[in-house]
Amino acid sequence: MHIIHELIGVPKISQKDTDKNKSVFEIGMLPRWYGVTLWNSLRRVLLSSVPGTKVTWIKVKGVSHEYSTLPWIKDSVLDIILNLKELVIDKKDVWVEWISLKKDKAGVVKASDIKTPSGVKILNKDLYITEIDKDWLELDIEIRIEKNIWYKSIEDLKQVEDDVNVLLVDANFSPVLNVKYEIEKTRSWDISNLENLKIEILTSGVISPVETLKFSANILTSYFSLFNEEGLQVEGQFISDVKELLEKEKEEIKEELEKETYTPIEIMGLSPRTLNALINWNILSIEQLTKCTETKLGSIKWFGKKAMTEIREALAERWLKLLWDD
């Protein structure tokens, strides 16, 4: 991690759910250009490598090619294939499985009519498949589903499938439907060239946005670790260890709480906004406050000059000051 985090602290990540399957993540504070650096890597993995389940071929009784029609079925076989491609399937196991759709009564055919084995669940059961015009005329479809990553074209599937009665279906397996980003300029009091990265992730519902972000981060970590299997640190004086920084922060808080002298910060008479900001950052006593630098306090979100002046005046009344203040 960048050496600048020794001054501004470890970046914080917040999550805001804007919809059932959509979340916005904010990561900051980051050094200049690190927002786009993280975004480019995460975006590629999010869109290409998160596993999902899709239909890869179907077999319709009485049909030999996708341009066929069935006289008692409202939609063409090609339209039925396009509708089946929209199935949102939750499948835990990696291997290929088969599900079936059989119906012999007039009416609308939906995804809820599909029979699935244990371990397979269709989430969008109201999805329209087609419509049968008359009773006793059966629609019989075998459907192969596969859990995988990336995209498989029909040409890819032809290389492993030789059944002429099978209708192949190209598949984009990723459950991530869309990702967006925004980079905001920010500052930590006297350090102005910092950034906050916002990432918006929309999924199909099979996997949550936060799980896709964790998966992508783990993928990237596994690749980056290949460049330094020996664990050697090059120019170590310019690198901060995030684990050490977090442990250091925890130890500082623990030490302060265990000290005999512990003066609650509430007695300083600070405004509610300033007081809540300090408490949210685990600055709970006057003793902890006097060990904070101007830079560290400036890294607190929405902590401006007014709050800094208020704290200095309150400390001065007790003949105290911030660390490194003259």
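## Basis and overall make-up

Residues are numbered from 1 along each chain as its sequence is written, and side-chain values use heavy atoms, without hydrogens or water. As the model is predicted, local features need pLDDT of at least 70 and side-chain atom pairs count only at pLDDT 80 or more, while totals for chains, interfaces and linings use all residues.

The protein has 10 helices and 15 strands (DSSP runs numbered from the N terminus: H or I of at least four residues for helices, E of at least two for strands). Of its 326 residues, 38% are buried (under 20% relative accessible area with a 1.4 Å probe, protein chains only). Take the contacts (heavy atoms within 4.5 Å) between residues at least 6 apart in sequence: 68% of them join residues at least 24 apart.

## Two nonpolar cores

A nonpolar core here is a set of buried Ala, Val, Leu, Ile, Met, Phe, Trp, Tyr and Cys residues joined through side-chain atoms within 4.5 Å. In the largest, which has 28 residues, Ile58, Leu87 and Ile143 touch the most other members. Among the elements that each supply at least two residues of this core are strand S3 (52-60), helix H3 (77-84) and strand S10 (139-148).

Looking beyond neighbours within four places in sequence, Leu87 contacts Lys54, Val55, Ala111, Ile114, Ile122, Asn124 and Leu127. A second, separate core has 19 residues, including Ile265, Met268, Ala277 and Phe303.

## The surface

Terms used:
Buried < 20%, exposed > 50% of the residue type's maximum accessible area, 1.4 Å probe, protein only.
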